[in-house]
Amino acid sequence: MSMFGLFKRRGSAPVARERLQILLAHERTARGKPDLLATLREEILALVARHVSVEDDNVQIKMDCGDTVSTLEIDIEIPNSKGFRALSCNAVSNRA
Amino acid sequence: MAKVVVVTSGKGGVGKTTSTAALGAALAQAGQKAVVVDFDVGLRNLDLVMGAERRVVFDLINVIQGVAKLPQALIRDKHIDKLWLLPASQTRDKDSLTEQGVATVIRELRTRFDWVICDSPAGIERGATLAMRFADAAIIVTNPEVSSVRDSDRIIGLLDSKTEKAEKGEQIEKHILVTRYDAPRAARGEMLTIEDVLGILSTSLLGIIPESEEILRASNLGSPITVSNPSSAPARAYVAAARRLKGENVPMAISNDKRRLIERLFGRRAA
């Protein structure tokens with residue numbers, strides 16, 4: 001490596017440090033606690049199932065874990081014949 | 001009052017066994033009565049690193065199962081007076097370790113020694129959790145490298161939740177031992193620095209063991225580094241770490257082998 005390149009090149013260690021800080025911040029919040037989004041998903045589905053019968057095929061679940069905000073999106077199709085309109089439930093929660 | 005210390009890391013190959021042997025030897029060389037205990041059932045290696053592989057008759061599992069008494073399984077070191085080894089079983093599997101059995105053996109070791117140094121297997125399963133279970137203090141061996149630091153963080157989480165001390169609401173003493181550290185590379189931004197590692201893990205530092213060819217030489221010879229080459233940089237670093245473990249205030253210095261330092265200086269200029 002030339003002397004020039006030696007001074008210009010940014011070390012890879014700062015990248016390692018940043019990647020670790022972000023990753024571990026995530027892993028530490030998840031550690032030991034029950035998964036909040038998973039709990040919400042189970043309970044919301046159980047609640048809906050108490051009132052209408054829901055087929056597995058008619059449920060769409062999307063979860064996205066972000067840095068400050070995570071989203072849980074549950075779409076449940078309920079047949080109109082039962083007297084209900086199709087309903088969509090969006091839950092947005094701050095990740096603990 | 002005996003102290004039980006677990007040497008752990010999560011990740012394999014970072015230097016747990018080497019560090020257990022070196023710290024046990026350094027403590028014994030300083031006049032403390034020490035025993036090093038291999039918890040890696042099925043993959044024992046502490047006996048080999050200590051040069052005692054041909055003297056193993058009974059092991060930890062034999063003692064737990066009542067086949068042998070503890071004194072029958074303890075192997076006295078050939079070179080150091082106050083150093084003993086309790087080997088793991090090579091033929092059994094890790095399920096032979098029971099919590100009750102480990103508790104009994106640790107309790108008995110406490111009455112016989114000043115220091116009980118437990119060499120944990122890699123991973124976070126039974127062997128690793130039992131090795132840390134009854135410890136008063138933990139040495140987390142960490143390489144300045146992303147996967148090792150991540151696994152150390154995980155192990156710190158386990159130490160704070162799964163040990164007997166943690167369950168009683170007490171704090172287990174935790175120390176980071178950075179091994180395979182290459183100060184010039186860290187200075188060039190090519191390797192995580194000590195500050196990086198400590199900052200990320202928020203845990204105090206026990207010592208810095210420099211990367212050194214002497215470590216392989218010591219394991220080749222089956223002799224802890226503090227015995228095979230006491231004046232080498234890693235040996236001095238282990239001796240300093242052992243003194244800190246005893247509670248002495250020893251300034252932290254990154255030692256290097258002089259010959260290598262000169263080599264590096266010229267090597268860099270030529271590059």
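This is a predicted model: local features need pLDDT of at least 70, side-chain atom pairs count only at pLDDT 80 or more; totals for chains, interfaces and linings use all residues.

User: What makes H1(B) roughly perpendicular to H13(B)?

Analyst: The axes of helix H1 (residues 16-29) of chain B and helix H13 (residues 233-245) of chain B cross at roughly 70°, and they come within 9 Å. Angles of 65 to 115 degrees count as roughly perpendicular, and that makes H1(B) roughly perpendicular to H13(B). The crossing in which H1(B) passes H13(B) is right-handed.

User: Which residues meet where H1(B) and H13(B) touch, and how do they divide by class?

Analyst: On the side of H1(B), Ala22(B), Leu23(B), Ala26(B) and Leu27(B) take part, and they meet Tyr238(B), Val239(B), Ala241(B), Ala242(B) and Leu245(B) of H13(B). By class, this contact has nine nonpolar residues, with no polar and no charged ones.

User: Why is H1(B) called largely enclosed?

Analyst: A residue is buried if 20 or more other C-beta atoms lie within 10 Å of its own. In H1(B), 14 of the 14 residues are buried, so this helix is largely enclosed by the rest of the structure.

User: How do you know that the span of H1(B) is close to what is expected?

Analyst: H1(B) has 14 residues and reaches 20 Å from its first C-alpha to its last, which is close to the 20 Å expected at 1.5 Å a residue. After H1(B) comes Gly31(B), whose phi is positive, near 95°.

User: Turning to the two chains, how many residues are in contact, and which helix of chain B supplies the largest share of its side?

Analyst: 16 residues of chain B are in contact with 15 residues of chain A. Helix H7 (146-162) and helix H10 (194-201) of chain B each supply at least two residues of the side that touches chain A, and the largest share, six residues, comes from H7(B). That side of chain B divides into seven nonpolar, four polar and five charged residues.

User: Why are H2(A) and H7(B) called roughly parallel?

Analyst: The axes of helix H2 (residues 13-30) of chain A and H7(B) come within 10 Å and cross at roughly 30°. Angles under 35 degrees count as roughly parallel, and H2(A) and H7(B) are therefore roughly parallel to each other. Their contact is made by Ala16(A), Arg19(A), Leu20(A), Leu23(A) and Leu24(A) of H2(A) together with Val146(B), Val149(B), Arg150(B) and Asp153(B) of H7(B). These residues divide into six nonpolar, no polar and three charged.

Notes:
Residues are numbered from 1 along each chain as its sequence is written. Chains are lettered from A and ligands numbered from 1 in the order in which they are written. Axes are lines fitted to C-alpha atoms, for helices over the stretch in contact, and angles run from 0 to 180 degrees between N-to-C directions. Helices (H or I, at least four residues) and strands (E, at least two) are DSSP runs, numbered from the N terminus. Angles under 35 degrees count as roughly parallel, over 145 as roughly antiparallel, 65 to 115 as roughly perpendicular and the rest as oblique. A crossing is left-handed if the near helix is turned anticlockwise from the far one by less than a right angle, and right-handed if clockwise. Two residues are in contact if their C-beta atoms, placed from the backbone, lie within 7 Å. Ala, Val, Leu, Ile, Met, Phe, Trp, Tyr, Cys and Pro count as nonpolar, Asp, Glu, Lys and Arg as charged, and the others, Gly among them, as polar. The expected span of a helix is 1.5 Å times one less than its number of residues. A residue is buried if 20 or more other C-beta atoms lie within 10 Å of its own, exposed if 12 or fewer, and partly exposed in between; C-beta atoms are placed from the backbone.
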